[in-house]
Amino acid sequence: MKAVQYRSVGAHPEVVTVPRPEPGPGQVLIEVTAAGVCHSDIAVMSMPAEALGFPLPLTLGHEAAGTVAALGDGVTGFAPGDSVAVYGPWGCGTCLMCAQGKENYCTRAAELGIRPPGLGAPGAIAEYLLVDDPRHLVPLGDLDPVTAVPLTDAGLTPYHAIKTSLPKLTPGSTAVVIGTGGLGHVAIQLLRALTPARVIALDVTEEKLALAREVGAHDAVLSDESATAKVRELTGGLGAQAVFDFVGAPPTATTAAACAAVEADVAIVGIGGGAASVGFGTTAYDVAVRSPYWGSRAELVEVLDLARAGAIDVHVETYALDEAPKAYENLHAGRVNGRAVILP
Ligand code: NAD
Ligand code: ZN
Ligand code: ZN
């Protein structure tokens with residue numbers, strides 16, 4: 001089968017031919033219909049060898065949707081042809097976090113060598129994907145797999161970040177979304193669907209800000225040195241009750257903390273190496289900073305239900321499998337508006 005692999009440190013992704021996997025006992029083979037392209041893959045491909053933590057080559061892609069192609073021995077509950085989305089942050093399945101469906105926070109995954117598909121295990125930008133356990137599958141039903149596939153990460157991650165801050169987002173409150181790309185443009189829609197908050201979006205180009213407005217941001221502001229002052233001005237000097245930074249670089253994390261109102265939540269979701277520092281005289285009183293990672297299995301079910309209810313419209317750019325390297329190039333250059341999705 002064809003697959004898109006990151007083959008050696010510093011190399012560009014490549015389309016290669018690899019053996020089609022066979023499902024072992026308890027596993028499920030998925031014929032991939034759609035696979036999303038995430039900025040985290042670019043972060044992985046920018047890491048030095050010693051930071052990788054898994055061997056190369058790696059088949060890329062941690063957002064997957066497809067149809068069940070074959071069931072390993074002992075698998076029940078699914079049948080060939082079923083349309084499914086794949087929950088990506090695989091855990092051990094039995095620790096306290098996994099028992100709560102929070103496999104994203106599995107306490108044993110590292111020790112057991114369990115890695116998400118596309119982030120250590122063979123990923124979804126391929127004709128077939130091997131899924132370790134049917135508990136990682138969520139039925140899609142009538143949802144279009146092409147627009148639903150980004151919900152497994154670009155939807156689930158902001159959903160998890162926002163859900164924790166819902167008590168802060170009361171009528172009259174403000175939420176700031178920094179970085180309105182794959183994750184951010186879904187975050188704006190989630191905030192509009194789940195809260196009465198005013199949403200202020202920050203990004204670096206007019207094109208991205210136009211998408212932010214189109215998907216529901218009340219205000220869209222250029223992310224530069226004056227952005228914090230603009231957010232303060234728009235909020236009568238108070239700042240925002242929740243700030244979600246989908247860039248996470250040093251300047252955006254600084255902006256995120258500076259925009260925070262008294263008792264605000266600041267979520268650093270982007271992995272751009274930034275950190276928000278909180279302290280007396282630095283930030284407003286009682287600001288809490290979090291670094292959420294992906295989301296729980298239950299939250300993925302909820303996000304898909306929100307899409308089914310018509311509350312989320314993911315903007316996708318589609319590419320054939322052979323064009324996947326081009327999709328990564330475009331994402332790296334900031335040319336993807338919404339989410340790039342590969343159709344193997
Ligand atoms: P993306 O490239 O689709 O979106 C990033 C957006 O940020 C783009 O619109 C870009 O123009 C904008 N941007 C860049 N610099 C900016 C700045 N200084 N100010 C404001 N906006 C700026 O990326 P994505 O796939 O949505 O991922 C976003 C980030 O989240 C990445 O760092 C990714 O690795 C990370 N991520 C984290 C998790 C998690 O669980 N914590 C999960 C998925 C992705
Ligand atoms: Zn991702
Ligand atoms: Zn676990």
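**View 1. Asp286, an exposed residue with a positive phi.** In this predicted model, Asp286 counts as exposed, with 11 C-beta neighbours inside 10 Å. Helices (H or I, at least four residues) and strands (E, at least two) are DSSP runs, numbered from the N terminus. Asp286 isn't a glycine, yet its phi is positive, near 65°.

A quick note for all the views: residues are numbered from 1 along each chain as its sequence is written, while chains are lettered from A and ligands numbered from 1 in the order in which they are written. As this is a predicted model, local features need pLDDT of at least 70 and side-chain atom pairs count only at pLDDT 80 or more, but totals for chains, interfaces and linings use all residues.

**View 2. Trp294, a buried residue with a positive phi.** Trp294 also has a positive phi without being a glycine, here near 50°. This one is buried: 23 other C-beta atoms lie within 10 Å of Trp294. Trp294 sits in the loop between E14 and helix H11 (297–308).

**View 3. The cis peptide bond at Pro57.** Going from Leu56 to Pro57, the peptide bond is cis, and omega is near 0°. Pro57 belongs to the loop that links helix H2 (49–52) to strand E4 (58–59).

**View 4. What surrounds ligand 1.** There are 34 residues around the ligand, and the closest are His39, Gly179, Gly181, Gly182 and Ser223. (A residue makes the list if its C-beta atom, placed from the backbone, lies within 6 Å of the molecule.) Helix H1 (39–44), helix H7 (182–194), strand E10 (198–203) and helix H10 (250–259) are the elements giving two or more residues to this shell. By residue type, the shell around ligand 1 splits into 17 nonpolar, 14 polar and three charged. (Ala, Val, Leu, Ile, Met, Phe, Trp, Tyr, Cys and Pro count as nonpolar, Asp, Glu, Lys and Arg as charged, and the others, Gly among them, as polar.) Both domain 1 (2–153 + 295–343) and domain 2 (156–290) put at least three residues into the shell around ligand 1; the domain bounds come from an automatic or database assignment.

**View 5. Strand E9 and its two parallel partners, E10 and E12.** E9 (residues 174–178) is mostly covered, with five of its five residues buried. Thr174, Val176 and Ile178 point one way from E9, while Ala175 and Val177 point the other way. E9 pairs with E10 in the parallel sense over five bridges, and pairing takes at least two DSSP bridges between two strands. Thr174 has Arg198 as its bridge partner in E10.

**View 6. The open sheet E2-E1-E4.** Three strands line up in that order, with antiparallel pairing. Strand E2 (14–17) and E4 each have a single partner strand, so one side of each is left without a neighbour in the sheet. Strand E1 (residues 2–6) is joined to E2 by four bridges, and Val4 has Val15 as its bridge partner in E2.

Methods
A residue is buried if 20 or more other C-beta atoms lie within 10 Å of its own, exposed if 12 or fewer, and partly exposed in between; C-beta atoms are placed from the backbone.
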